[in-house]
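Okay, thanks for coming, everyone. Have a look at the model on the screen, and then I'll talk through a cavity and a helix pair.

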Amino acid sequence: TTPHHHGFDHSCLRPPAMAATPNGLSVYQRATAGFCGAVVSAVVVNPLDVIKTRLQVETSEQRALQGFAATLRSLVRNEGVAGLFRGCNVNVLNAIPTAGMYLFLYDYSLRSLHGSAVLESAQPLVAGMSARALAVLVSAPLENVRTQLYTQRGVGSSFAVAAEVVRQEVRAGGFLRLWRGVGLYSLRDVPFSAVYWTALEHARAKFLYRPAASTSSGEGKRGAWEANHGASTDSTIGPGRLLATNFLCGLGSAMVAGAVTMPADVVYVNRITSPERSTWQIVSGLWQLAGPSAFFRGTVPRLAKLAP
């Protein structure tokens with residue numbers, strides 16, 4: 001899932017870049033809020049993650065291709081409702097690096113870029129990519145275990161099962177094997193973050209435009225840009241407008257970023273669940289099976305899970 005209520009405010013950019021804005025939230029407050037939201041979201045959207053993964057792995061196994069509804073019915077019929085929440089415990093644990101740490105790094109990076117040589121309009125892109133790259137390195141083992149748990153049938157989903165997956169990975173190739181596929185994971189998440197934050201921050205700055213804040217800054221265009229970005233957590237703006245703008249801008253940004261990175265997601269999932277196959281074998285196999293459409297399997301549940 002993606003955090004779409006998260007904002008940034010350049011108006012208080014001063015070391016160590018941790019203070020709250022006059023009308024906004026501090027970096028720690030926004031990161032904590034994002035983390036709490038991500039934990040709840042991890043539980044709510046877990047069924048969509050399971051179905052998405054089953055759809056994508058199903059393609060690589062060359063079964064009769066099923067759609068979202070057919071996969072859902074089959075999963076519930078054979079594994080019960082509990083099957084929809086397989087790997088949920090690891091998914092919640094994974095929220096620590098993929099949400100809490102990630103949002104903190106994004107805010108910190110964005111503030112650090114203030115006054116740098118980086119073009120101001122490109123700062124969300126740079127901050128998003130750098131923050132996600134670090135989060136990916138930390139979360140890769142949990143992401144791998146989670147992906148494997150989603151595809152397992154007829155087994156429990158406790159931490160003991162997750163621990164056994166970890167032991168099997170380590171026995172097969174040592175401790176570093178837990179980072180297997182980290183390149184593909186990065187290829188999926190880092191571009192997603194770049195597209196998401198760039199689209200989100202620019203969209204919110206436009207729809208939460210505050211002429212009074214812009215003209216009072218006395219800094220021309222730079223002041224207007226900074227003042228309107230800070231509006232995303234400005235308590236003086238009506239709560240209804242803030243909620244609607246943050247949600248709709250976040251949803252639209254997530255849809256675009258999710259669609260762009262679907263092929264990388266499909267290849268990553270198949271690489272993790274089929275360790276005996278190389279990346280090239282997976283790509284060529286998917287292409288031979290269903291052509292370009294194979295790289296967009298699971299698009300509906302993936303985009304649906306990004307909404308929260």
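So, which element gives the most to the lining of the largest cavity? That's α6, with 4 residues. Quick housekeeping: this is a predicted model, with local features needing pLDDT of at least 70, side-chain atom pairs counting only at pLDDT 80 or more, and totals for chains, interfaces and linings using all residues. Residues are numbered from 1 along each chain as its sequence is written, and side-chain values use heavy atoms, with hydrogens and water left out.

Searching the whole structure turns up 1 cavity of 30 Å³ or more (on a 1 Å grid over the protein atoms alone, a set of points where a 1.4 Å probe fits but cannot get out; lining residues have an atom within 4 Å of a point). The largest cavity holds about 50 Å³, volume being the space filled by probe spheres set on the points, which are joined across faces, edges and corners. Its lining includes Glu 143, Arg 146 and Arg 188. By class, the lining has 2 nonpolar, 2 polar and 7 charged residues (Asp, Glu, Lys and Arg count as charged; Ala, Val, Leu, Ile, Met, Phe, Trp, Tyr, Cys and Pro as nonpolar; the others, Gly among them, as polar).

Now the helices, which are DSSP runs of H or I, at least four residues, numbered from the N terminus. α6 packs on α8 (residues 182-207) at about 145°, axes 8 Å apart; axes are lines fitted to C-alpha atoms over the stretch in contact, and angles run from 0 to 180 degrees between N-to-C directions. Glu 143 of α6 and Arg 188 of α8 are among the contact residues (heavy atoms within 4.5 Å).

Technical notes. 1 Å grid on protein atoms, 1.4 Å probe; cavity = no way out; pocket = protein on both sides within 12 Å on 5 of 7 lines; lining within 4 Å. Helix = DSSP H or I, 4+ residues; strand = E, 2+ residues; numbered from the N terminus.
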